Amino acid sequence: MVRDGAGWWTEQVVPRLVDASLSAAPVGRLRARACAGLHGRVLEIGFGSGLNLPHLPAAVTALDAVEPADLAWERSAGRRAAAPLEVARTGLDGERLAAPDGSYDAVLCTFTLCTVPDPARALAEARRVLRPGGALHLLEHGLAPGRRVRGWQRRLEPLQGRAFGGCHLTRDVLALVRAAGLVPDLVHQAYVATGPARPWSYVTVVRAARDAVA
Ligand SMILES: C[S@@+](CC[C@H](N)C(=O)[O-])C[C@H]1O[C@@H](n2cnc3c(N)ncnc32)[C@H](O)[C@@H]1O
């Protein structure tokens with residue numbers, strides 16, 4: 001198939017950029033935090049190149065992956081081969097999951113909510129496939145608390161979207177989680193970099209239950 005420049009960039013360059021920029025050790029520590037407590041059957045939305053695999057607890061018994069980018073999936077091959085469990089690629093779009101209601105103990109989503117076109121829809125789908133008592137484990141960058149940083153985030157967002165396959169800088173992660181009816185119980189928010197990197201570096205790690213505890 002003949003691709004235009006934007007399509008070629010998104011398919012061939014973005015997965016390599018993501019792999020390189022999100023495999024640093026400090027990001028790994030955030031991944032470990034997001035993966036803590038995962039167990040049973042887990043669905044990962046936006047599996048990418050499998051950078052969360054080394055952080056999965058042994059209590060995870062099955063991992064299904066939703067990932068639209070073929071190159072990202074191919075680049076995950078080595079990590080999948082080294083993982084103690086088999087990973088099945090069960091879908092291409094987190095906004096339309098094939099899984100039945102209530103079929104997972106947990107949903108994992110890292111640095112993907114920034115990119116899906118409709119994050120509210122993706123979170124509604126995540127909640128739908130969680131079993132009662134299940135939880136979403138989310139790691140994301142997003143809207144910063146400071147007025148000046150927010151200004152830079154708004155200015156940089158169009159460029160960011162073009163360079164990183166539709167990535168947004170101004171999504172309010174916790175507000176989206178709550179609006180989806182999910183109930184945050186563990187929340188960590190912080191800048192993980194200073195200076196000019198601040199627009200990219202306000203991160204949220206949140207575990208959110210499918211239901212409020214009665
Ligand atoms: C910034 S990358 C993060 C990859 C991986 N989650 C990680 O933490 O390294 C965003 C990922 O979201 C995927 N993605 C984009 N749109 C998606 C959608 N509608 N459903 C599921 N994944 C999507 C991209 O292909 C890409 O792998």
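Which residues have the most contacts inside the largest nonpolar core? They are Leu43, Val107, Leu136, Leu138 and Leu182, and the core holds 25 residues. A nonpolar core here is a set of buried Ala, Val, Leu, Ile, Met, Phe, Trp, Tyr and Cys residues joined through side-chain atoms within 4.5 Å. Buried stands for under 20% relative accessible area, exposed for over 50%, and partly exposed for anything in between, using a 1.4 Å probe and protein chains only.

Before going on, some housekeeping. This is a predicted model, so local features need pLDDT of at least 70 and side-chain atom pairs count only at pLDDT 80 or more, while totals for chains, interfaces and linings use all residues. Residues are numbered from 1 along each chain as its sequence is written, and side-chain values use heavy atoms, with hydrogens and water left out.

## The cores

Back to that core of 25 residues. The elements giving two or more residues to this core are strands E1 (40-45), E4 (104-110), E5 (130-141) and E7 (202-209), along with helices H5 (119-129) and H7 (173-179). Helices (H or I, at least four residues) and strands (E, at least two) are DSSP runs, numbered from the N terminus. There's also a second, separate core of 15 residues, with Ala83, Leu85, Ala106 and Leu108 among them.

Setting aside residues up to four places away in sequence, Leu138 touches Ala34, Cys109, Leu113, Val173, Val177, Thr204, Val205 and Val206; contact means heavy atoms within 4.5 Å.

Now hop over to Val205, which sits in strand E7. Val205 counts as buried at 6% relative accessibility. Leaving out residues up to four places away in sequence, Val205 touches Leu30, Arg33, Ala34, Leu138, Leu139, Leu186, Val187 and His188.

## The ligand

What surrounds the ligand? The shell has 15 residues, and Arg31, Gly46, Glu67, Gly94 and Thr110 come nearest. A residue is near a molecule if one of its heavy atoms lies within 4 Å of it. By type, the shell splits into 6 nonpolar, 6 polar and 3 charged residues. In that tally Ala, Val, Leu, Ile, Met, Phe, Trp, Tyr, Cys and Pro are nonpolar, Asp, Glu, Lys and Arg are charged, and the others, Gly among them, are polar.

Nitrogen atoms of the ligand feature in these pairs:

| Residue | Protein atom | Distance to a ligand nitrogen atom |
|---|---|---|
| Asp93 | N or O atom in the side chain | 3.0 Å |
| Gly94 | polar backbone atom | 2.8 Å |
| Thr112 | polar side-chain atom | 3.3 Å |

On its own, the ligand has 590 Å² of accessible area, and the protein covers 88% of that. Accessible areas come from the Shrake-Rupley method with a 1.4 Å probe.

## Loop residues

Phe111 sits in the loop between E4 and H5. Phe111 has a positive phi of about 55 degrees although it is not a glycine. As a rule, most residues other than glycine have a negative phi. Phe111 is buried, with a relative accessible area of 14%.

Ser76 lies in the loop between helix H3 (70-75) and helix H4 (77-82). Is Ser76 buried or exposed? Ser76 counts as buried because its relative accessibility is 0%. Beyond residues up to four places away in sequence, Ser76 touches Phe47, Gly48, Ser49 and Gly50. The side chains of Ser76 and Arg80 are joined by a polar contact of 2.8 Å, where a polar contact is a pair of N or O atoms within 3.5 Å; within protein, one must be able to donate a hydrogen and the other to accept it, and residues adjacent in sequence count only if both atoms are side-chain atoms. Asp19 is 57 residues from Ser76 along the chain, with 9.5 Å between their C-alpha atoms.

Ser103, in the loop between strand E3 (87-91) and E4, is buried because its relative accessible area is 19%. Not counting residues up to four places away in sequence, Ser103 touches Arg41, Val129 and Arg131.

Gly181 is in the loop between H7 and strand E6 (183-191), and is partly exposed at 33% relative accessible area. Apart from neighbours within four places in sequence, Gly181 is in contact with Arg127 and Arg210.
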